[in-house]
Amino acid sequence: MTPDSTIRHYEPIARSDESTVVAEFCQDPSQGTGYQSEAELEKAFIKQLESQAYEYLEINSEAELIANLRRQLENLNDLEFSDAEWEQLFTNYIAGTNDRLVDKTNRIQDDHVHALTLDDGSFKNIYLLDKQRIHNNRLQVINQYEAEGTHVNRYDVTILVNGLPMVHVELKRRGVDIREAFNQINRYRRESFWSGSGLFEYVQLFVVSNGTLTKYYSNTVRDGHIREGQNKRSKRKTSNSFSFTSWWADSKNRHIADLPNFTKTFFAKHTLLHILTRYCVFDTDKKLLVMRPYQIAATEQILQRIGTSTNHRQLGRIVAGGFVWHTTGSGKTLTSFKVAQLATRIPAIDKVLFVVDRKDLDYQTMKEYDRFEKGAANSNNSTAKLKIQLEDTNSRIIITTIQKLSRFVAQNKSHPTYAKHVVLIFDECHRSQFGDMHRAITRAFKQYHLFGFTGTPIFADNASSNNAVMPTTEQAFGDRLHTYTIVNAIEDKNVLPFRIDYISTIKTAQDVVDKQVTAIDTERALLDPERITQVVGYIREHFDQKTRRSRSYSHNSITKNGFNSLFATASIDAAKRYYTEFAEQQKDLPISERLKVAVIFSFAPNKEESDGILGEEEFETDSLDQSSRDFLEKAILDYNDQFKTNYDTSSEKFQNYYKDLSDRLKNRELDLAIVVNMFLTGFDATTLNTLWLDKNLRAHGLLQAYSRTNRILNSVKTYGNIVSFRDLEQQTNDSLALFGNKDAKSIVLLKPYSQHYEEYGFCIQDLVEKFPLSESITGEQSKKEFISLFGSILRLRNILTSFDDFKDNEILSERELQDYQSIYLILYDEIGRGEDAQKESINDDVVFEIELVKQVEVNVDYILRLVELYLEKKGTDKDKETRDNIERVIDSSPSLRNKKDLILQFVDSISTQSRVDHEWVGYVAAKKSEELQSIIDEEKLNGTETTKFMEKAFRDGEITTTGTDIVKILPPLPRFAKNNQHAQVKNSILDKLQAYFERFNSLVR
């Protein structure tokens, strides 16, 4: 027998039990063609679940639900409870009287084992879920379960896991917007999920479907959406809104949207149980984060690579690792955290090192990891601290910079850590991790797996010519394990598309000839004082328009107007000149009218990089020339004066300046930050929507910089805004083709103004022809059509208002827009949020764009100015027209409509000699006190405690619905009254106080 024919023995390849995300899904072509009612859709769904080994139960009461829960937990735990043991477990652990949704979520995610005292005095661990052997858990399905809280509701389909409701599915018939199913689930939370023993607050995941489209989301998305809806000051689209629901997909990112195929994959028993037990993160903010399919697929690919390379004894080689290409903004940190967390559970793994580039990313990553799980990771501020952590067996996940890790390797030629079985995860694995430091680290460690995450990989086409040893990401890290490009992210609506203006001329005044602002290659021409003046003038003139300063929303419980921006310059010299010019142009303005501008830079090579990667700016300001450091010192003093801080250019204080500036950008406390390279990579601020650009960019650097602007925040932020003073059109197209695909431009870039305006014109024409203001809208179908059409107009108008060309080209007059908006709000009150809205059949087929209406809210100050104008004209032939205008403005405002009687009574009560502001304050205070006393008397509340409760609500900007404060105001009532009467009374009183709060909140000045 020749050596070649010898039978070889191979170790078996380690695999996960079953892949959670299917590799490639082939759609089932056998779909019905006839009309399908909602009842038929539900019946077919349940039948399919039964074919997938779910047990169907007919449960019609809470007693039956609890009895089934008892049986399932007995089966899971191989124990038959005595009545006393069950009462103890159910009352003290499962259905505690004071438990909230977050307590029950924590119980499923982090505290699913309970030490039960048995009748004989011994203890037994009782599991709600078996997370180690997932197929020990039993899945059942129920439907049309009826619950009575403040209203009676019937829930479509609920999945029970070991008897507990953990997944709820709300269905609508085909053709109905699935956002209506989302809204219906929100109503259940208000009205009945909490009722009885509150078992439906154990639901972790929600699924909404109309048969054609299906999405999923977590319980805290639903819960938070309700709480924000109750606080009408909150107008931002957060992680609690429908926009943060997720599509299910295969590993190639192809949506699996229709219900039968979604059921076949998402509701496969192992998939659903993996999602519930492995791929949720209950973070320290008490939010349940459910991973998206591309995040799960990447995680499993990495874990599988760890297993296979370990079994094949390939540690320390490139085949033991790989890289994940997930575009900027797609949630790479959550994916890497889950990889690190699950890797530490593999017995063979000693440590996981998460390696980042630069101290600021170290700081940001640590904050993110700490948010996912407090204390899960260990960060270090010195090489000495890193050494201690590497030697500490309890430090399982370590976050460090590549610079600190390479210094550790240089200072410790031999160390026991090098022989440990470690996983090295590199964040943003680009050029700085391909050179000497990378090679030194991989030579030192022997038993390692090396994985990289990047949004912009280096391919052969864009590799740096001066990095010949490892020019591409694949050569440095190994196989590409999973891909999710910017095209995928925008199609999934996980990030926003870009809108780009290339500014080649700037008009300084109507009588001045336009000046060319072009990307000339000489520094002298680019830094010409006249050009600097023109660019700053353009930014100041267009700032409010581009950053949407006419729109308001709530961010971190504080009302903000519009967004903020970065200004990327080509060099430190340019940054200095622009900062000086902003100061010069704003020096004579009142402080309240000035843009809040800051500048930050540190030493970095200014030469353009051949591979398009932005040069790294370190935090060591000592390398700056004296002139630049002196300038930066003065600029930081300006910042200190503006924000009452105490920073300078010394090493530690400069790092703190960076962190403070970063936080103020994220909180929209700063209007514009002038930068060279800082903040253009690895920085996320949802409030940032505009990048002003006077800098040549290409490939990686271009897409990284653009991506600072496209994080989802709210309904008015529909795209990332790029205003470029250089001609970068070809570089932009090349970058999108490289990191998306050849057709990426049509998906990633917003359509041009002309296309939006043409569509807007057609919609307005339809509106005026079909719904003239002189005629009322009657009939269910007409109302639905009007709501849909005017919603389209609101969405288009929201995009058009930031285009320069839209100015003076509005089609509807201001009065017509107000009148149509008033009709829209009347229908919203009638259909969308009425007490009996669920009884209206029309409600199944309409979705209101109410968030977009709220973005253009008028405030009380505006109304009072109209009142002053009315008093000036009182007694003339113009006074009726002015009063009608006040009424029209109120009718078109979502927040002022419920105050209309208050405002009009005030208008009619004051004389022409009155001081409007002074009279208004006294009037509101009297009405506020009078109406609260009426609620106290009517509901027999504790007057003193209720007054204190509402004072706190007005101070904090929201009503607190939990805790002891609400209990203090309630009338005497047995806590355990029949049919949960206590909870019903509490919710009824809260509804009244909430309505009172909404009526007076924006009037409290």
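1. A salt bridge here is a side-chain nitrogen of Lys or Arg within 4 Å of a carboxyl oxygen of Asp or Glu. The model is predicted, so local features need pLDDT of at least 70 and side-chain atom pairs count only at pLDDT 80 or more, while totals for chains, interfaces and linings use all residues. Residues are numbered from 1 along each chain as its sequence is written, and side-chain values use heavy atoms, with hydrogens and water left out.

2. The structure holds 40 salt bridges. One of them joins the side chains of Arg-138 and Glu-55, at 2.9 Å from N to O. This pair links distant parts of the chain, 83 residues apart: Arg-138 is in the loop between strand S3 (123-127) and strand S4 (139-148), and Glu-55 is in strand S1 (residues 55-56). Helices (H or I, at least four residues) and strands (E, at least two) are DSSP runs, numbered from the N terminus.

3. Arg-107 makes a salt bridge to Asp-99, with 2.9 Å between the closest N and O atoms. Arg-107 is buried, its relative accessible area being 9%.

4. Glu-785 and Lys-770 form a further salt bridge, their closest N and O atoms lying 3.0 Å apart. Glu-785 belongs to helix H26 (residues 780-800) and Lys-770 to helix H25 (residues 753-770), so the bridge ties together parts that are 15 residues apart in sequence. Both ends are partly exposed: Glu-785 has a relative accessible area of 33% and Lys-770 one of 45%.

5. Shared partners join the salt bridges of Arg-883, Glu-887, Asp-891, Lys-900 and Asp-908 into one network.

6. Strand S5 (residues 152-161) is mostly covered, with eight of its 10 residues buried. Two strands count as paired if DSSP finds at least two bridges between them. S5 pairs with S4 in the antiparallel sense over nine bridges, and Leu-139 stands opposite Val-161 in S5.

Conventions: Buried < 20%, exposed > 50% of the residue type's maximum accessible area, 1.4 Å probe, protein only.
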